Amino acid sequence: MKTILSIVLSLNLLGAVSTPINGELNNGNTDTGLVLNSQSALLLDYNSGEVLYEKNSNDKLKPASMTKMMGLYLVMESLENEVIKLEDKVMCSLEASQIGGSQIYLKENEEMSIDDLIKSVCIASANDAMYLLGEVVGGSNDSFVSMMNDKCKEFELTNTNFTNVMGFDDDNHYSCSFDMGVIAYNLLKDYGDLILKYSSMTESYLREDTSNPFWLVNTNKLLGDYEGMDGLKTGYTHEAGYCLTATSKKDNLRLIAVTMNASTIKERSNDIKSLLNYGYRNFKSVKVFSKNDLLLKVEFKNSKNDLDNVYIKEDIYITLPIKESNDSFEYTYTLEKDSAPLLVDERVGTIEIYNSMGMQFNGELIVGEEVERINWFEYFWIIFRTMFA
């Protein structure tokens with residue numbers, strides 16, 4: 001296959017270090033000016049999934065109710081696979097009704113929709129709602145916990161193990177701020193629209209059509225207090241301290257911040273604000289390609305056309321240091337298909353973009369029009385024309 005146009009923009013890399021989401025971390029970013037009270041912290045760039053700042057991010061600590069992010073991921077996955085539906089109503093078990101802690105006071109045999117249960121977990125961190133969702137998705141709570149740990153292996157989380165779905169303290173129930181950041185990243189990447197619909201609610205109601213409506217108030221007090229904040233999950237137990245995995249978006253730059261084991265809610269909130277402020281002060285999001293931009297022309301085997309257009313599938317944003325030129329990036333592409341026929345909007349390859357810090361951003365390449373396969377008559381006619389031209 002011959003490609004017409006093969007470009008790699010070049011630049012001088014500045015030598016700054018960023019860490020891929022599954023990579024090793026170097027502890028102690030001492031040049032940031034950040035002073036945090038939490039024992040462990042992380043700042044993640046959502047566009048690339050790479051670490052912008054970390055403090056003791058591999059330390060194994062109690063994650064408290066941030067545990068529920070993994071449970072929510074599995075619930076969203078079941079919705080995607082149509083195992084359950086938001087409108088489904090499920091009956092509360094005796095075990096779920098007796099969980100205790102933060103709850104919506106489900107009664108045994110009470111029916112509630114999947115939608116309301118998810119809302120209860122995301123807004124009020126309801127243990128009974130999370131336990132019931134685990135039973136519905138996993139068949140039993142023990143099975144659901146096994147599913148959570150299997151997903152940890154899939155995400156390559158090496159410092160996390162769950163023993164329950166609520167985040168109750170247990171010697172064998174632990175995680176770290178890096179792993180919490182990875183879970184949040186995957187939750188947003190795969191199910192961001194739905195999860196943020198719930199986690200951005202400051203308040204809501206359950207049982208509205210009954211004589212005993214229940215008011216849900218979001219445990220994330222930064223909602224409405226920090227610009228762009230729209231999630232994600234708080235946590236607190238006596239041993240875990242105050243924890244929070246938060247996400248916010250400003251000017252197309254989405255950041256994920258994690259703090260673990262702060263002494264007070266105020267310290268937790270201040271540390272999250274410090275992390276996010278550091279990110280927005282030092283980095284920016286830049287659109288480098290727009291949806292349907294023509295990237296190159298390709299001679300596909302057996303195509304009726306001499307050349308066919310290959311386009312960018314979706315807008316692509318990259319993260320750059322705030323003072324850096326917007327064109328400080330390089331890109332390369334890979335074509336995965338080399339012959340006709342191809343359908344309209346069919347994926348034919350990928351594009352990889354790198355900023356001056358070596359952070360990678362990915363996009364998909366598609367054909368904008370149907371690439372029809374040449375038939376035998378047309379093939380011999382081309383040969384004939386070539387021979388006698």
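Which residues in α1 meet which residues in α3? The legends below take up this contact and then turn to further close-up views of the predicted model.

**Figure 1. Contact of helix α1 with helix α3 in the predicted model.** From α1, the residues Lys68, Leu72, Val75, Met76 and Leu79 meet Ile114, Ile118, Val121 and Cys122 of α3. Sorted by type, the residues of this contact comprise eight nonpolar, no polar and one charged. Helix α3 spans residues 114-124, and its axis lies 11 Å from that of α1 at a packing angle of about 160 degrees. Because angles over 145 degrees count as roughly antiparallel, α1 is described as roughly antiparallel to α3. The crossing of α1 past α3 is left-handed.

**Figure 2. Salt bridge between Lys151 and Glu77.** The side chains of Lys151 and Glu77 meet with an N to O distance of 2.8 Å. Lys151 belongs to helix α5 (residues 141-154) and Glu77 to helix α1 (residues 68-80), so that this pair, 74 residues apart, links distant parts of the chain. With a relative accessibility of 7%, Lys151 counts as buried. Glu77, in contrast, is partly exposed, its relative accessible area being 21%.

**Figure 3. Salt bridge between Glu154 and Lys151 within helix α5.** Lys151 also forms a salt bridge with Glu154, for which the closest N and O atoms are 3.1 Å apart. Because the two residues are three residues apart in helix α5, about one helical turn separates Glu154 from Lys151. In general, side chains of opposite charge can pair when their charged atoms come close.

**Figure 4. Salt bridge between Asp315 and Lys287.** The closest N and O atoms of Asp315 and Lys287 are 3.7 Å apart. Asp315 is partly exposed, with 35% relative accessible area. Lys287 is also partly exposed, with a value of 40%.

**Figure 5. Network of salt bridges involving Lys313, Glu336, Arg347 and Glu364.** In this view, Lys313, Glu336, Arg347 and Glu364 are linked to one another through a network of salt bridges. A search of the whole structure finds 15 salt bridges.

**Figure 6. Leu365 in strand β17.** Strand β17 covers residues 360-367 and contains Leu365. The relative accessible area of Leu365 is 0%, and this residue is therefore buried. The C-alpha atom of Leu365 is separated by 6.4 Å from that of Val310, although the two residues are 55 residues apart along the chain.

**Figure 7. Overall setting of the close-up views.** The protein chain has eight helices and 17 strands. Its 389 residues include 53% that count as buried. Among contacts in the protein chain with a separation of 6 or more, 64% are accounted for by residues 24 or more positions apart.

Conventions:
Residues numbered from 1 in each chain as written. Predicted model: local features only at pLDDT ≥ 70, side-chain atom pairs only at ≥ 80, totals over all residues. Heavy atoms only, no water. Salt bridge = Lys/Arg side-chain N within 4 Å of Asp/Glu carboxyl O. Helix = DSSP H or I, 4+ residues; strand = E, 2+ residues; numbered from the N terminus. Buried < 20%, exposed > 50% of the residue type's maximum accessible area, 1.4 Å probe, protein only. Axes fitted to C-alpha atoms, helices over the stretch in contact; angles between N-to-C directions. Parallel < 35°, antiparallel > 145°, perpendicular 65-115°, else oblique. Left-handed = near helix turned anticlockwise from the far one by under 90°. Contact = heavy atoms within 4.5 Å. Nonpolar A, V, L, I, M, F, W, Y, C, P; charged D, E, K, R; others polar.
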